[in-house]
Amino acid sequence: MMSNFLDDIYDILFRPSQGMEKISKKKNIWHGFLVYTVVSLIVSLANTANQTGQLLEEFQELSVPIELIQGMSRFMPFFNLPFIPLYFFLSAAVLHLTAELLGGEGRVSRLGAVLGYGQIPYIFMVPISLITRYLPIDPTNLFSLIIFIWALVLKVFGIQAVYGFSSGKSLVTYFLPIIILTALLVLFMIFLAVIMAPFLGEFFQY
């Protein structure tokens, strides 16, 4: 079973289109959720290790016990545990609905598989975050952008394999919910500003 998993990883990393098509046919949403959870926890542990070092440096001059900071840091990765399944399954449901609205025909279980396996590039943030601690500059943001694009490409290939979309339509499927949510948030903020403007005007008059 491990050899099959390593074969899948190899295909995803070095033959992304064929690899994600293979995942969409042979894996289901539970396989994707397992991969997504493991990657999320590993990355969270690595980030916590870095944050612990930064916190220790910041609190050196304060009277905060080092043992307290170290103890809290051990539990920090697990604070995200309840949100991992929520975000994963909600994302799968929203993207599946979006794909169906755009005329796609596919199964949400296959979509969940490619979304989970599409998260694999983020595992490379672990060695990157460790290496950057010893560099004179911090290129973390650059590497984060590269890995985000890499994971995005994998997920676009996955959506394409599941629903038979073109690359462009798969990209629209991925970003359309984000665009709609952002537009609604902007409209809400504008509406709130219009409602609150008279009250703020009266407040500043005093």
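Analyst: Met189 counts as partly exposed, because its relative accessibility is 47%; the label covers values between buried (under 20% relative accessible area) and exposed (over 50%), judged with a 1.4 Å probe and protein chains only. The model is predicted, so local features need pLDDT of at least 70 and side-chain atom pairs pLDDT 80 or more, while totals for chains, interfaces and linings use all residues. Residues are numbered from 1 along each chain as its sequence is written, and side-chain values use heavy atoms, leaving out hydrogens and water.

Met189 sits in helix H9; a helix here is a DSSP run (H or I) of at least four residues, numbered from the N terminus. Together with Leu185, Phe188, Phe191, Leu192, Ile195 and Met196, Met189 makes a nonpolar surface patch of about 680 Å². Such a patch joins nonpolar side chains (Val, Leu, Ile, Met, Phe, Trp, Tyr) within 5 Å, from residues with over 30% relative accessible area and no salt bridge. The areas come from the Shrake-Rupley method with a 1.4 Å probe.

The salt bridges come next. Side chains of opposite charge can pair when their charged atoms come close. A salt bridge requires a side-chain nitrogen of Lys or Arg within 4 Å of a carboxyl oxygen of Asp or Glu. Across the whole structure, five salt bridges are found.

One of them pairs Lys22 with Asp8, with 3.2 Å from N to O. Lys22 belongs to helix H2 (residues 16-26) and Asp8 to helix H1 (residues 2-14), so this pair ties together parts that are 14 residues apart in sequence. The two partners can be described by their accessibility. Asp8 is buried, because its relative accessible area is 5%, whereas Lys22 counts as partly exposed at 24%.

Asp8 also meets the side chain of Lys27 in a salt bridge, at 3.5 Å from N to O. This pair links distant parts of the chain, 19 residues apart: Lys27 lies in the loop between H2 and helix H3 (29-58), and Asp8 in helix H1. Lys27 is partly exposed, with a relative accessible area of 22%.

Lys22, in turn, forms a salt bridge with Asp11, at 3.1 Å from N to O. Here again helices H2 and H1 are involved, with Lys22 in the former and Asp11 in the latter, so the pair ties together parts that are eleven residues apart in sequence. Asp11 counts as buried, because its relative accessibility is 7%. Through shared partners, salt bridges join Asp8, Asp11, Arg15, Lys22 and Lys27 into one network.

Finally, consider a helix of the interior. Helix H6 (residues 108-117) is largely enclosed by the rest of the structure, because eight of its ten residues are buried. The buried residues of H6 are Ser109, Leu111, Gly112, Ala113, Val114, Leu115, Gly116 and Tyr117.

Definitions and conventions: Patches are made of residues with over 30% relative accessible area and no salt bridge: like charges are joined within 9 Å, nonpolar side chains (Val, Leu, Ile, Met, Phe, Trp, Tyr) within 5 Å. Helices (H or I, at least four residues) and strands (E, at least two) are DSSP runs, numbered from the N terminus.
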